[in-house]
Amino acid sequence: ASISSDTDKAGGLAGYTESDVTISETDITGTLIVEAKNIAGGFVAQPKGSLKITKSSIKNASIRSDTDKAGGLAGYTESDVTISETHITGDLTVAAKNMAGGFVGQSKSVTIKNSSINNANIVGSEDRAGGLVGYTDSDVTISETDIKGKLTVQGKNQVGGFVGQLSGNATVEKSRILNATIISNEADAGGIIGVTGTSATLNNITTDSLSVAGKSGAGGLIA
């Protein structure tokens, strides 16, 4: 499937919704291509309410926003996001100027559990790129979630293996990043988180073949 918008939002299932969105037991097979001028998502570009995704999958996907906010599942959510038992199983490419994420470009609080991404290339040509989440202005909780295969995350600032930047608390546990390259062309590159807000709790994290590089502020787990 190929979905494109020359003006604004584009999503694999929906572009914009006024209410909460729940996606369950939904699979997109084959190759999905979503392109938008602003805000692109594998399932939905921009839900105004909360977003819940469970027991769903996308096989191969290329998600691109010419400006900001692109995510393998959702581009931008105005409320909270919960993702569980959801997987991107093939090859994933996500690209935006700002806020590019393997699952979500930008959101409020994010909870991810029992989910995974296989091979992924995440590019924020400006700021805030993450293997799972580009940017959230609240809390992030990630548990029992893996990025397998090969992961590359690249941007100018705030680049992380799981999260580019968050403004709240981060909790990451029982999760893995295997074979990852995290590159910040200027500042703040972290194997797990680029920039965290108030606090970060990391427990039982596995990294393997992890490379982190930044001109300033680079760390194996947090920049």
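Figure 1. The model is predicted: local features need pLDDT of at least 70 and side-chain atom pairs pLDDT 80 or more, while totals for chains, interfaces and linings use all residues. Residues are numbered from 1 along each chain as its sequence is written, and side-chain values use heavy atoms, leaving out hydrogens and water. The chain carries 18 positive and 23 negative side chains, and the centres of these two sets are 2 Å apart (Lys and Arg positive, Asp and Glu negative, His and chain ends not counted; charges placed at NZ of Lys, CZ of Arg, CG of Asp or CD of Glu).

**Figure 2. Strands and burial in the protein chain.** Here you will find 25 strands and zero helices (DSSP runs numbered from the N terminus: strands, E, at least two residues; helices, H or I, at least four). Of the 223 residues, 49% are buried (under 20% relative accessible area, 1.4 Å probe, protein chains only).

**Figure 3. A look at glycine 161.** Glycine 161 sits in the loop between strand E21 (151-160) and strand E22 (163-166), and is buried, at 0% relative accessible area. Its C-alpha atom lies 6.6 Å from that of glycine 190, 29 residues away along the chain. Beyond neighbours within four places in sequence, contacts of glycine 161 include Gly130, Leu132, Ile177 and Gly190 (heavy atoms within 4.5 Å).

**Figure 4. A look at glutamine 106.** Glutamine 106 belongs to strand E15 (residues 104-107). This residue is buried, with a relative accessible area of 12%. Setting aside residues up to four places away in sequence, glutamine 106 touches Lys69, Gly75, Tyr76, Thr77, Met99 and Tyr135.

Methods. Buried means under 20% relative accessible area, exposed over 50%, partly exposed in between (1.4 Å probe, protein chains only).
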